[in-house]
Amino acid sequence: MPAQEVMAPTRSSSTTRTPRGSACLNCRRRKLRCDSARPVCGPCVRAHRECDCEYTDGPTRSRTQVLEEEIAILEARIHELEHPGAPPVTVSLHEPRNGSPATLSLSSHSSSSSASPPHSAVQPKADSGLCSAFGHFSPSPPNSGSWDLTDPPLQVVQLLVNYFLPHASQFGFFLHQPRFLQSVCIEDSAVRIAKLSPALLNAVYLWGVRLSGHESLYAHEPIFVTRAVHALSTVFARAPAYNPIYTLQAEVLLASYFFHSRRFLEARQHCSAAAALALSCRLNTIRSASDPQLRTPLVDIFEHVLPPTSDSLEEGERINAFWTVYILDKSWAVALDTPSYISTNSGTHIDTPWPLDMEDYESASYPPVFQGFQTVQSFLTELPIMTIDGTSMLALRSKAAALFEHAAGLAARYEPTMANVDSFFTEFFVLDSIIDSFTASLPAIDGAANWLAARDLLIVHTYARAATIQLYSNFRDAEGLEGCKDLSAAKAAIVLLDGISLSEITFLDPIMAILWTAISRVLIREIARLRISRASAPDVKDEHADGEWIQYPEDAGQQHWLRYTEAEELQFVAGLQKIVGAMTTFSQSSELMRLQLATVQQEIDEAS
């Protein structure tokens, strides 16, 4: 569509009352008039509560219904354990085929299954050989109560792993890939499972199915979801226990999967589990120089004592594991407006050094005597404590996530009547300077060695611009602050798209859906402001910005101003079109991107 038409209204202006019972759950709870727009209604968009907008009149259950059913099942199970002689409790569940309740009798051998996630919109490919290979693999039904954890045939395992690994970094895979491949390709499935754990294997297989584009594999996606979730729920009951780092990797992959599929309740659950496990393994204090008594006291009772690392690669996996969890925790805490689990305010010390690229641990690991101290704090306050700067792609993304979360938290603390306002703005300007310095230090995207590096740099640069937008979100018109800095950051984020070919990228970190939405909102607001400004231009004498008296609307100065604002608006509209185009590209493979794109388009329609 032409750039001029991005802000054109596309929805009907009809005021016909929506059918009774068709309002979303959020509007019903808040007693608001819902317009029943799908996938997100207008009131939820305006309140920035897109994640709470859900309907109960569809063929599948809403997130609230799923949660209510899971609570009912757990309560019934608790009742059964407390009253072993009582008859089984029956729970009414939603039957998706006909919309009526179905009765489930709970016994000690039953288990509930996860709702099947929506499939990717990637064009499916026919592959009779793959279908035939998968045909010999018949995992147990999710709710059969008999958990057969036998792996798929090795041929299928290798196919799924090959689909997953090229995109693995986008979904938080931090293990050393050659070592992982060596273990996952073990022909004996029992040995493979014992070495890597069912949770990790099924999480990888799940992503392989999602990334494959093969229609013949999609039917197995909910099976692998259920198997991975179940394996994680029982992982610490096994003796000997599986490697906690592999369990942590499985939690990260599942959290990313659920975020990607916009199943936020489950995503946040696995994200919190990953953060708790990382802290209980003390991955935040690897090579720490601080007093052991001051290190994360809140998780001491759940401590997992890891054996000493066998080599620099194993240490690198642990370091990169922590920073991967850190990025996940900080990014989605801002996106979902929830507290960060890894928070220095709760006593968490982060002394682990900035991560290296995994291959660098083989040849250029940290010096044997190196110790870390207050890694994030020294970065956010520009204190020269660390002697290793951290320039790997994972380190840059960790720093960007730290700035993004800290900027959002600082902006949210501001109140015009706060007592220590001078101290607040001192902290504000320091953080603003750090974001600027970090952004200026980033390598240019067009200088990347390949499209993989360009993709990762696009994410880091976009994080940095989004951090500025978050910082200035409550101060756009504040006196004494640099005007429209959030708008400058949004324009810079648009320019980033000129330096990369998005057609070469199949899958992207799901957080980009959130970052691009924030950038789009800055542009939409500015376009609306310019239009209102022109529409309300006075037609009498007034004072121009430079102090000269001019006559409206005939005066040449006013006409120049009108032409300038019109040209500026066209630039913003063209930029907005670029963002919408980028989101459209990845909406084909991401439910979250598709949801955020619909939200942006709806806000464009309303602004028009």
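Select helix α8 to begin: 15 of its 15 residues are buried, so α8 is largely enclosed by the rest of the structure. Buried here means under 20% relative accessible area, with exposed over 50% and partly exposed in between, using a 1.4 Å probe and protein chains only. This is a predicted model, in which local features need pLDDT of at least 70 and side-chain atom pairs count only at pLDDT 80 or more, while totals for chains, interfaces and linings use all residues. Residues are numbered from 1 along each chain as its sequence is written, and side-chain values use heavy atoms, with hydrogens and water left out.

α8 covers residues 198-212, and its 15 residues reach 21 Å from first C-alpha to last, close to the 21 Å expected at 1.5 Å a residue. That expected span is 1.5 Å times one less than the number of residues in the helix. Helices (H or I, at least four residues) and strands (E, at least two) are DSSP runs, numbered from the N terminus.

Next, pick serine 197, in the loop between α7 (189-196) and α8. Its phi is near 85°, a positive value in a residue other than glycine. Serine 197 is buried, with a relative accessible area of 0%. Then go to glycine 213, which follows α8 and has a positive phi, near 75°.

**The whole chain**

Zoom out. The protein chain holds 22 helices and four strands, and buried residues make up 50% of its 608 residues. Among contacts between residues at least 6 apart in sequence, 70% join residues at least 24 apart; contact means heavy atoms within 4.5 Å.

**Two loops**

Select proline 39, in the loop between α1 (25-30) and α2 (42-46). The peptide bond joining arginine 38 and proline 39 is cis, with omega about 0°. Then move to glutamine 374, in the loop between α14 (360-363) and α15 (375-380). The phi of glutamine 374 is near 50°, a positive value in a residue other than glycine.

**α13 against α16**

Show α13 (residues 312-335) with α16 (residues 393-413): they pack at an angle of about 30°, with their axes 9 Å apart. Axes are lines fitted to C-alpha atoms, for helices over the stretch in contact, and angles run from 0 to 180 degrees between N-to-C directions. α13 and α16 are therefore roughly parallel. Angles under 35 degrees count as roughly parallel, over 145 as roughly antiparallel, 65 to 115 as roughly perpendicular and the rest as oblique.

Residues of α13 in this contact include Trp323, Tyr326 and Ile327, and those of α16 include Leu394, Ala402 and Phe404. By class, the contact of α13 with α16 has nine nonpolar, four polar and three charged residues. Nonpolar covers Ala, Val, Leu, Ile, Met, Phe, Trp, Tyr, Cys and Pro; charged covers Asp, Glu, Lys and Arg; the others, Gly among them, are polar.

Centre on tyrosine 326 in α13, which counts as buried at 2% relative accessibility. Not counting residues up to four places away in sequence, tyrosine 326 touches Ile342, Ile350, Val376, Ser398 and Ala402. Tyrosine 326 and alanine 402 are 76 residues apart in sequence and 8.5 Å apart in space, C-alpha to C-alpha.

**α18 against α19**

Finally, display α18 (residues 451-471) and α19 (residues 485-496), whose axes come within 8 Å and cross at roughly 165°. This pair is therefore roughly antiparallel. Among the residues making the contact are Leu458, His461 and Arg465 of α18, and Asp486, Ala489 and Leu496 of α19. By class, the contact of α18 with α19 has seven nonpolar, three polar and three charged residues.
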